[in-house]
Amino acid sequence: MILPITVYGNPVLRKKAVEIDKDYQGLQQLIDNMYETMYKAEGVGLAAPQVNKNIRLIVIDATPFGEDDESVKDFKKVLINPEIIEFRGEKESFNEGCLSLPTIREDVYRPTEITIKYQDENFKEYVEEWVGVKARITQHEYDHLEGKLFVDHISPIRRRLINGKLTAIAKGKTIPEYRVTPNRK
Ligand code: NI
């Protein structure tokens, strides 16, 4: 089932999401729905707050980048209760977009390497080191669980330049091609 996506201005995108455990009801269905929603909207990552669930769950499928970048040709992951333990490397710029910020794209500087601890959909725990596109997408999605958005990382000048676009999204004047949850007045 395709779920409506929350957009800038929705308070759920500014909350710190909470951990879940094996008793979380309907988890597999939610994961399936999040993948379906993400594919329909042509995203490569989606965090639960973007479907109005304040929980620490992320789905990623970076395989569309696999043609240009061998390292992500199989990179499809469910991340439950992820924790980025360490950020390393130089900061690099990458032009990011977000399904919760339709029409906006900005260059964002982030570290190129991370160490991440997470659980998969069976709550098996992993600690892994990711670089490049893997680290990039994961940091973007992880931010969603911390109540952050990529526009929080850009300069005050850039932020001022896109302020009109942000207001239009918040007020429901920007209509993307995918279904969104209208913000309350
Ligand atoms: Ni996003």
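Is Glu 128 buried, partly exposed or exposed? Glu 128 counts as partly exposed, because its relative accessibility is 22%, which falls between the 20% limit for buried and the 50% limit for exposed. The legends below take up this residue and others in a predicted model.

**Figure 1. A salt bridge joins Glu 128 and Lys 77.**
The two side chains meet with 3.9 Å from N to O. Glu 128 sits in strand E6, residues 125–131. Lys 77 belongs to strand E4. The partners are 51 residues apart, so this pair links distant parts of the chain. Lys 77 is partly exposed, with a relative accessible area of 22%. Side chains of opposite charge can pair when their charged atoms come close.

**Figure 2. Glu 113 and Arg 88 pair across two strands.**
Their side chains form a salt bridge, at 3.4 Å from N to O. Glu 113 is in strand E5 and Arg 88 is in strand E4, so the bridge ties together parts that are 25 residues apart in sequence. Glu 113 has a relative accessible area of 28% and is partly exposed.

**Figure 3. Asp 152 and Arg 159 form another salt bridge.**
Here the N to O distance is 3.3 Å. Asp 152 counts as partly exposed, at 31% relative accessibility. Arg 159 is also partly exposed, at 24%. Elsewhere, salt bridges that share partners build one network from Glu 86, Arg 88, Glu 113 and Glu 129. In the whole structure, a search finds 14 salt bridges.

**Figure 4. Three residues hold the nickel ion.**
Which atoms coordinate the nickel ion? They are SG of Cys 98, NE2 of His 140 and NE2 of His 144. The distances run from 2.1 to 2.2 Å. Along the chain, the donors follow the spacing C-x41-H-x3-H. Cys 98 lies in the loop between strand E4 and strand E5 (106–119). His 144 lies in helix H2. Cys 98 and His 144 are both buried.

**Figure 5. The largest pocket has a volume of about 510 Å³.**
Rolling a probe the size of a water molecule over the atoms shows where empty space is left. The lining of this pocket has 23 residues. Nearest its centre lie Glu 42, Gly 43, Val 44, Gly 97 and Cys 98. Cys 98 is also one of the residues that coordinate the nickel ion. Strand E4 (76–96) and helix H2 (132–145) each supply at least two lining residues. Which element gives the largest share? H2 does, with 5 residues. By type, the lining divides into 9 nonpolar, 7 polar and 7 charged residues.

**Figure 6. The largest nonpolar core has 21 residues.**
In soluble globular proteins, nonpolar side chains tend to be buried together. Met 34, Leu 57 and Val 59 have the most contacts inside this core. Helix H1 (27–40), strand E3 (57–61) and strand E4 each give two or more residues to the core. H1 gives the most, with 6 residues.

**Figure 7. Asn 52 and Thr 103 have positive phi values.**
Most residues other than glycine have a negative phi, and most peptide bonds are trans. Phi of Asn 52 is near 70°. This residue is found in the loop between strand E2 (45–47) and strand E3. Asn 52 counts as partly exposed, at 41% relative accessibility. Phi of Thr 103 is near 80°. Thr 103 lies in the loop between E4 and E5. Is Thr 103 buried or exposed? Thr 103 counts as exposed, because its relative accessibility is 52% and the cut-off for exposed is over 50%.

**Figure 8. Lys 73 sits in the loop between E3 and E4.**
Lys 73 is partly exposed, with a relative accessible area of 41%. How far apart are Lys 73 and Phe 94, in sequence and in space? They are 21 residues apart in sequence. In space they are 19 Å apart, C-alpha to C-alpha.

How values were computed: Residues numbered from 1 in each chain as written. Heavy atoms only, no water. 1 Å grid on protein atoms, 1.4 Å probe; cavity = no way out; pocket = protein on both sides within 12 Å on 5 of 7 lines; lining within 4 Å. Points joined across faces, edges and corners; volume = space filled by probe spheres on them. Helix = DSSP H or I, 4+ residues; strand = E, 2+ residues; numbered from the N terminus. Nonpolar A, V, L, I, M, F, W, Y, C, P; charged D, E, K, R; others polar. Donors = N, O, S within 2.8 Å, 3.2 Å for Na, K, Ca; no water. Buried < 20%, exposed > 50% of the residue type's maximum accessible area, 1.4 Å probe, protein only. Salt bridge = Lys/Arg side-chain N within 4 Å of Asp/Glu carboxyl O. Core = buried A, V, L, I, M, F, W, Y, C linked by side-chain atoms within 4.5 Å.
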